[in-house]
Amino acid sequence: MNPIVKLTILLILLTAKCLGQSKDATLFFKDGDSISGYGQIKNNRIKFRLTLDQKGDYWNYEMVDKIIFGSYLDLKTYQYIQINKESKPRLLELVTDGELALYRDKKSSYTNFRNSPISPIDKLNLIEIRLAQKVTKVYNYLFKKGDDYPSCLNCGIFNRWRKRTIDFLIDCNGLVEKIDSGEYREIHLEDIVNYYNDFCTEL
């Protein structure tokens, strides 16, 4: 394998390892209690430990409500949300909260365009191939307080975020006009939710 390719793969793997390490976090239980320590997310479970030298335990939606990573000025919240009646709760990133909340779910996958079996030589380059073909899809969910499940805005084959967002927020005329006119686009979903919470909810 080319030395430059080897070095590139090594740097990527080291970066991935660093990103996978535990971060400062606060774990919130369903009964209202919370505890501070270090956490990370693995396959829809939370690995949490009080100190970095501890092995840590795994937690899931049965006892945990959410986990908040980071310090006061840079917080990221992940909460267990049930997407529909059939599914088990999943950890989604809480982007903005209020009467209306915006959640995001990031899913990464690898695409392989080879139809034939991988040769022994290609096996050596498999990591490089997969990294080059990694695809991350971001799904956006709106969740109104009182609803049973959130609504996905861009799920399915076609991205119909505009129609789904307008249908969901039809009770806010000013906001619908801003979306219809193109003033607010999909990249402004956080602003859309903040607008709704500030101007379209009962005080």
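This note goes through the predicted model point by point, from the whole chain to single residues.

1. Basis of the note. This is a predicted model, in which local features need pLDDT of at least 70 and side-chain atom pairs count only at pLDDT 80 or more, while totals for chains, interfaces and linings use all residues. Residues are numbered from 1 along each chain as its sequence is written, and side-chain values use heavy atoms, with hydrogens and water left out.

2. The chain as a whole. The protein chain has 6 helices and 10 strands, where helices (H or I, at least four residues) and strands (E, at least two) are DSSP runs numbered from the N terminus. Of the 203 residues in the protein chain, 33% are buried; buried means under 20% relative accessible area, exposed means over 50%, and partly exposed lies in between, with a 1.4 Å probe and protein chains only. Among contacts in the protein chain with a separation of 6 or more, 43% come from residues 24 or more positions apart, and contact here means heavy atoms within 4.5 Å.

3. Strand 5 (residues 64–71) is joined to strand 1 (residues 23–29) by 5 bridges, and the two run antiparallel; strands count as paired if DSSP finds at least two bridges between them. Within this pairing, Ala25 has Phe69 of strand 5 as its bridge partner.

4. A buried glutamine. Gln79 lies in strand 6 (residues 74–81), and because its relative accessibility is 15%, Gln79 counts as buried. Once its neighbours within four places in sequence are set aside, Gln79 is in contact with Asp65, Lys66, Arg90, Leu91, Leu92, Leu94 and Tyr103.

5. Two asparagines with positive phi. Asn43 lies in the loop between strand 2 (34–42) and strand 3 (45–49), and Asn44 lies in the loop between strand 2 and strand 3 as well. Although it is not a glycine, Asn43 has a positive phi of about 50 degrees, and Asn44, also not a glycine, has a positive phi of about 65 degrees. These angles deserve a reader's attention because most residues other than glycine have a negative phi. With a relative accessible area of 77%, Asn43 is exposed, whereas Asn44, at 28%, is partly exposed.

6. The hairpin of strands 9 and 10. Strand 9 (residues 134–144) and strand 10 (residues 151–152) run antiparallel and are joined by 2 bridges, and in strand 10 the bridge partner of Leu142 is Ser151. The hairpin has 6 residues between the strands, and in it Gly146 takes a positive phi near 100 degrees. Asp148 has its place in the loop between strand 9 and strand 10 and is exposed, with a relative accessible area of 64%. Asp148 and Lys85 are 63 residues apart along the chain, and their C-alpha atoms are separated by 8.7 Å.

7. Helices 4 and 5. The axes of helix 4 and helix 5 come within 10 Å and cross at roughly 170 degrees; axes are lines fitted to C-alpha atoms, for helices over the stretch in contact, and angles run from 0 to 180 degrees between N-to-C directions. Helix 4 is therefore roughly antiparallel to helix 5, a term for angles over 145 degrees. Trp161, Arg162, Thr165 and Ile166 of helix 4 meet Val176, Ile179 and Asp180 of helix 5.

8. Helices 5 and 6. Helix 5 (residues 173–180) packs against helix 6 (residues 189–199) at an angle of about 160 degrees, with the axes 10 Å apart, so these two helices are also roughly antiparallel to each other. The contact is made by Gly174, Leu175, Lys178 and Ile179 of helix 5 and by Ile192, Tyr195 and Tyr196 of helix 6.

9. A buried cysteine beside the helices. Cys172 is found in the loop between helix 4 (161–168) and helix 5 and is buried, with a relative accessible area of 4%. Leaving aside its neighbours within four places in sequence, Cys172 is in contact with Tyr195, Tyr196 and Cys200. From C-alpha to C-alpha, Cys172 and Tyr196 are 7.2 Å apart in space, although 24 residues apart in sequence.

Terms used
Angles under 35 degrees count as roughly parallel, over 145 as roughly antiparallel, 65 to 115 as roughly perpendicular and the rest as oblique.
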